[in-house]
Amino acid sequence: MTNRSNALPTQEMTINMGPQHPSTHGVLRVILTTDGEVVTRAVPDVGYLHRALEKIGERVTYAQFMPFTDRLDYLAAMNCNCAWAWAVEKLAKIEVPERAEFLRVIVCELNRISSHLIAFGSYTADMGAFTPFLYGIREREHVNDLFEMICGNRLTYNYARVGGVSGDAPPGFLEKTREFLDYFEPKIDEYNNLISYNKIFVHRLANVAVIPAEEAVAYGLTGPNLRGSGVPFDLRKDEPYSVYPKFDFKVCVGTGERGTLGDCFDRYMVRINEMRESIKIVRQAIAQIPDGPVLAKVPRVFKPPVGETYFRSECPRGETGIYLISDGSVNPYRLKIRTGSFVTMNIFEKITRGLMIADIVAVIGSFDIILPEIDR
Amino acid sequence: LEAQAIFDTLKGKFGDAIVELQGEGFSPAFVVVAPAAVKEVSRFLRENPDLSFDVLMCLSGVDYKEKFAVAYHLHSLKHRHAIGVKAMLPRETPSLPTVDDVWPGANFHEREAFDLFGIVFDGSKDLRRKDYKYPDSYHGIKV
């Protein structure tokens, strides 16, 4: 930032960024107060995509809510599907066949790869490099093909079920998945050569919007945004659920390799590195997957016991926590979904103070927010 | 620490402000707290070295028909334990102190609870209506 005390006095101006703006990743409105190019205040105004999903959850049965979870985070619908299934199973203490858990982990990690590909691609596009976006979309297409194979859908999968998954992997699915991993793994190096260490790209990201570790914790950031600040916390490792303890993988954290620890570049690099770890997990899952049924016997009219539970799982955009209150009937009594993007928007106003307008775009991209998850 | 030990610590410190422990069927267990004491209890939970609940995972408004409630889910990165805190509020005047100066991350959750349930968080730095663009005639979620 330049020293502005000697500069000519300028009048502050209030500008709307969004709700329809290509770099806000959806219907996010940011009210900018600017002094020239410098942002003195950026207030995010959320809620344009509110569909009252939590209220809908109270009106439908536990099983009927599954397709709605697809609409929580459409870039990582598998993770949201499974989060819902895990939460209900925790509430009702349902045992899930092991093969189903392996299939869930495989699809969740594949979805994490495809979600991070979009994050990577759209971020580089925001920063002015359009080609990597096409690369990301190209690779994501392979994941979509795999998902179409296993559940018939390419965006909203509705694959998990309370007690398992909707269907076993078709013949050839696991081989195709392995082929995809072999094809995809070298591509990450290609991305790094192409854009990650590009001088202009690094300049736009490094030292921008630094979040110190203690601040990230205090604001409740989770997922890559927390790990970008150097906090090695990953629910798959630290509060393991499903069959994650069986797999060997590393928790990626920011290192401040091109600037300050916790800047935009660190958050970006965490996602790139996490794709490698997801590849590792899927490879191990394919090697270890047992035979057997994929769906437990759950009664058609399904009533969990009275109680309250909070289940959280690691989604690509951070912790998705599901707070479920059951009154013993067929519907949830109260459902609250805490999502990574929603919590991340809370810190937005604090860390954007004093940045340039162009940096706001860099910050939004580095958070990898998705609006349906913020507004629910 | 286990939920019972956390409850005993709080009970020893705050006495009558700690109402009960909801353990059976609750995961994590909930410590029910008098609404007026929420801020002091929160600060103690965060700053006591044996507890150090540094992460507010979730804050939810709940409509229990006869009462409203605010449920806090806390986690400690240092000790890797979790606890819930709950404050029961009267339906007519649902208000309690904000915790956004204890955990700054509480702000968005509190705004959501205010918008959907009409629960007022006294002293909040930014409590605004209509995040969710409902009309003025809307009075919050009805059971």
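Biologist: What radius of gyration does chain A have, and how does one read this value?

Modeller: The radius of gyration is taken over C-alpha atoms, and the globule rule is 2.2 Å times the number of residues to the power 0.38. For 376 residues a compact globule would have a value near 21 Å, and chain A agrees because its own value is 21 Å. This is a predicted model, in which local features need pLDDT of at least 70 and side-chain atom pairs count only at pLDDT 80 or more, whereas totals for chains use all residues. Residues are numbered from 1 along each chain as its sequence is written, chains are lettered from A, and side-chain values use heavy atoms, without hydrogens and water.

Biologist: How is a pair of aromatic rings described?

Modeller: The description uses the distance of the centres and the angle of the planes. Rings of Phe, Tyr and Trp (its six-membered ring) pair if their centres lie within 6.5 Å; planes under 30 degrees apart count as stacked, over 60 as edge-to-face and the rest as tilted. The whole structure holds 27 such pairs.

Biologist: Where in the chain do A:Phe102 and A:Phe247 lie?

Modeller: A:Phe102 belongs to helix H4 (residues 98-126), and A:Phe247 to the loop between helix H10 (235-238) and helix H11 (264-288), 145 residues apart. Helices are DSSP runs (H or I, at least four residues), numbered from the N terminus. Both A:Phe102 and A:Phe247 are buried.

Technical notes: Helices (H or I, at least four residues) and strands (E, at least two) are DSSP runs, numbered from the N terminus. Buried means under 20% relative accessible area, exposed over 50%, partly exposed in between (1.4 Å probe, protein chains only).
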